[in-house]
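Trainee: Could you pick one side chain and take a close look at it with me? After that, I'd like to see how the rest of the chain is put together.

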Amino acid sequence: MAGHQPAQRLELDVSGVRTLVLRATGYSWGQAVWGEPVLLGAGGETQRLANLTPVLVQVGWGEFSTNRGPDGQPLKVGERAFADGLFAHADSVVKYRLEGKQRRFASWVGVNHTAKGQGRVVFEALDEEAFERQQRLAQLKRGFTRDALSSLRRTLDDAPARGGDDRRRELRRRLDSFSRDYQEMRRRLEAEDQDLGGRIDEFLELTREIRLLRLDAPLLFVKRQPYFSAHIYDDHLEWRPGGGIYVIENPWEPMERQRVRAVIDPATPETCGPGVYRDPDLSFDGRRLLFAFKGEAKGDTAIFEIGLDGRGLRRLTRPTAGALCRERPEGLIGEGHHDYSPCHLPDGRIAFVSTRTAGLVMCFNNHVATLHTMNADGSEARSISVNNATEFDPAVLPDGRLLLGRWEYVDKTALYMQSLWTMNPDGTLETAFFKNNLAKPTAVMDARPVPGSRLVVATLTPHNGQSVGAIAMIDPHLGKNSLAALANFTPEYPTEMDQGLKRGPCDPWPLDEDSVLIANNAEAHGPHGVIELIDRYGFRFVIRREPDLSCFSPLPAKAQPRPLTHASALAAGAPALFQAHDIYPGLERVKRGTVKRLRVIETTSRITGAPPGGRWWNQAFLVSWQGSYDVKNILGTVPVEEDGSAFFEAPPGKALYFQALDAEGRLVQSMRTFIQAAPGRMRPCQGCHVPNDDVAALNTTRVVSALRKPPAQLRPETWGSGPIDYSTRIQPVLDRHCVRCHGGIEDIAGGIDLSGGWTWAFNLSYETLLKNTLTGFLNCENSKVETAEILPPRRHGSGAAPLAGLLLSGHKERLPGLTRPERDLLLAWMDANCNYYGAWDFTDFATNGAIMRLTGPLLARMDQAGCLRCHEREIGSDWVNLQTPAHSRLLRAPLPRGPAGAGLGWCRERKARPAPLPLITQKHQPPDVFKPARHAAPDAAGAPAVSLDSTNHADYRALLALIERARAEALDQPRADMPGAILRAGRSRELPPLTPVSQGEIRASAKPPPKL
């Protein structure tokens, strides 16, 4: 059924059915509704399914609910509302136990009205036996291919054959029989021949036996309670103690014959006690184990080491003692500091993720966790990342680079940017590996290299919710920002998973290119998760389940080849060096010689908290209007030579990105992702947004002009350097040159008000510029996935801004006094994506509640004045000026023009156009370069309506008094941008620059690593 169709009736004879299965398929907008579903007994008695408890629920998105949709409102399909029913977003399966006691099932079905006519869902009601038969047939239909047979043959050839040669020959004989019967089997599968049941079972069993040959060693795993975190970046805050770390000595055997021993749990001789054990990582020789442990609900998470034999336990980290900032920020969510996700490095040191740098999530109030390293004994722990958002799951590639998940949003959608990166173990040469310019899948987690290949395996997860989702192998050679690079091993979970998932697959460990060990706590496995072996062709086999705890983090307990070791080139105390070979490749249709300078911008990280209550939004989402979430620090510019090269120094220990500027100082292109300034390390760049596949074609052997000179030093821009605060730096320029005509005493020309009256969160001019798409603004709100893409030159910022064109042209000689520094300041503000605040400073009041409370009294008085004969009951976003109440558009529009006051004479004897925007709050989205808007100027046609003939009119005086009273109220509770504000100092995180570490013994695998 399509989303625009009315509800339809579905009925089924369920006589003798013991378990009824309700299935809905069609994931995108698949808001499946079973409306008023009932079971009818033999005597005509009726039982409503909404009153029964299902024995199994699996939903593709969100949560299963009864009698309400995802909006919390009653279920409705088309025009039909339902008194009761089930909401189970496709793909979904809901099972009810009938025990053969019912005779008939009936329900209305359709797509809930909240899908707004979108989506398509297929509804099925069937008995469990038919459902299971259908599932098995579908599995074989999808997975029984010549490629699958070849994969099984490779495994037989490569993997040790337990039981000797006779066992191997017997498995090959059975596999050969399926190869001989392939064409006939495919024909019967396509015809959905129900008589294939026995043959299906034979092939499934053969596949299981062959895949299990890959389990050639004991299997390590974690037992812990199931947990449900709010985000993928704060699961270390969960406190559900129980379990430990265990080994299955013979994982290839049936579960009843498996021998399981504890490496460490509360009952072992050497133990951390009760708590949460997580993140095991084996040394390359397979003898010692790193893990993270949290022993108190509000305590730290620390990293420990123990032998695989359960001996030699030692604690390696004390994260709070090593934290850069030990004071607790106001409103912090969660207690303590946390070291987790440890990873052995080839030189003997350890990488891990830690919150000890004390930075805070931009849009929330959790600590971020960034990549750190330490010596094998826990000494010399230091951050090797300057990220202002969280990083995930370090693993070592065969060539010695670290593979990690990185969340960042430099002028990109805030929600979806958790991509894969690589870096050297000293924190240098960070490079995007996959998805840095692809919004969906949302997050790529648990990434690990696949043995003997260039692939990596990962979990494709939501951001809000659990770190579970599709298990996929990634080949970035098929596209670093393309879904074509993904091979989804679990197609029931979409690769473009968005939000709302709580249960599913996670923790993949690749055995080869075709088979992966995973943990899986999907609903189908009951209340506790299992360890599964899954393959590329859709076949899955449960290896281990526990009756009272969930299973996580499977990995073979054996030695692994040691990757290559990288010697660090860091030099303590030296500046960071950057060299662009030629910035023009990648700048499509930009003429050589256009780019004159590179701007260097630091993206900062706050360590000042945001207490809840009246100022929750302060300095979190309201640093800008859904644009930048960080305070930008513009460090200066460096020259670009005529051949497109640049060579310059930058201060180390900072997260930097670059912008290419033309001779007018206008933006040509912006990097929109950060890299680290590493002391003494040259960071090369081959071009501006050049795909890696194109680098080889560039002439990188020539000596470029910039390298013939000493490295350039950062030079302040004409206006200076540093953060740009709108109310103290941009508004004064507008006041000097623009407000006289645009909001001042003379006019509000074109309806464009550039005065500084305070709105709910910002001011009039700021909202005016953004809502009229005058600044080249990028809306980076969660859902604006298009901002993830690499944009063409001059698509945003001053390169695309109509305001920039006016500034450069002189606005038809209306800006005679505008200086070059003032002009360049406005351009730079636009290029940094239009921050409102230039510091993390704050007051106790995040927003201006006075203007919102003014709405009711103003409307009541407008009604008395007769204004609502023509106007809707609304207050437009720019109708009130709290800074200068007499300049409020609401007062000036009805006044006639003339020497008596600031009248505009805009009102006409006709129905007024609705205000394009009400008073703006956080729920209102600004337009941007992808969805531009321009609000029409007042329409002067028709007979004037003079409802307020002068400033002495009683209604005028009453309305003005209301606005003045709101002004006084606002100034009693001033935001950081208002007069009288008592600022509380906000602080940025300051990290020490990277420094060299003592190198351990350098050892490499005798077997060369695969090319990546």
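**A lysine and its surroundings**

Mentor: Start with Lys480: a polar atom of its side chain lies 2.6 Å from the backbone oxygen of Ala432. That counts as a polar contact (N or O atoms within 3.5 Å, one able to donate a hydrogen and the other to accept it; residues adjacent in sequence count only if both atoms are side-chain atoms). Before we go on, keep in mind that this is a predicted model, where local features need pLDDT of at least 70 and side-chain atom pairs count only at pLDDT 80 or more, while totals for chains, interfaces and linings use all residues. Residues are numbered from 1 along each chain as its sequence is written, and side-chain values use heavy atoms, with hydrogens and water left out.

So where does Lys480 sit? You'll find Lys480 in the loop between strand E30 (470-474) and strand E31 (486-488). Strands (E, at least two residues) and helices (H or I, at least four) are DSSP runs, numbered from the N terminus. Lys480 is partly exposed, with a relative accessible area of 23%; buried means under 20%, exposed over 50%, and partly exposed in between (1.4 Å probe, protein chains only). For a sense of distance, Lys480 and Tyr277 are 203 residues apart in sequence and 34 Å apart in space, C-alpha to C-alpha.

Strands count as paired if DSSP finds at least two bridges between them. E16 and strand E17 (residues 288-294) share five bridges in the antiparallel sense, and Arg278 stands opposite Ala292 in E17.

Strand E37 (residues 576-580) pairs with E44 in the parallel sense over four bridges, and Phe578 has Arg683 in E44 as its bridge partner.

On to the charged side chains. Side chains of opposite charge can pair when their charged atoms come close. The count here comes to 75 salt bridges, each being a side-chain nitrogen of Lys or Arg within 4 Å of a carboxyl oxygen of Asp or Glu. One of them joins Asp181 to Arg199, with the closest N and O atoms 2.8 Å apart. This pair links distant parts of the chain, 18 residues apart: Asp181 is in the loop between helix H3 (164-180) and helix H4 (182-190), and Arg199 is in helix H5 (residues 197-211). Asp181 is partly exposed at 33%.

Another salt bridge joins Arg984 to Asp844, with closest N and O atoms 2.4 Å apart. Arg984 comes in the segment after helix H14 (954-972) and Asp844 in the loop between helix H10 (820-831) and helix H11 (849-853), so the pair ties together parts 140 residues apart in sequence. Both ends are partly exposed: Arg984 has a relative accessible area of 28% and Asp844 has 42%. Elsewhere, salt bridges with shared partners join Arg167, Glu170, Arg173, Arg174 and Glu209 into one network.

What about cysteines? The structure holds zero disulfides (pairs of cysteine sulfur atoms within 2.5 Å). For Cys741, the closest cysteine sulfur is in Cys738, 8.8 Å away, which is too far for a bond. For Cys867, the closest one is in Cys907 at 6.8 Å, again too far for a bond. Cys867 is buried at 13% relative accessibility, whereas Cys741 is partly exposed at 27%.

Finally, zoom out. The protein has 14 helices and 44 strands. Its radius of gyration is 32 Å, close to the 31 Å that the globule rule gives for 1012 residues, so the protein is as compact as a globular protein of that length (the radius is taken over C-alpha atoms; the rule is 2.2 Å times the number of residues to the power 0.38). Buried residues make up 59% of the 1012 residues.
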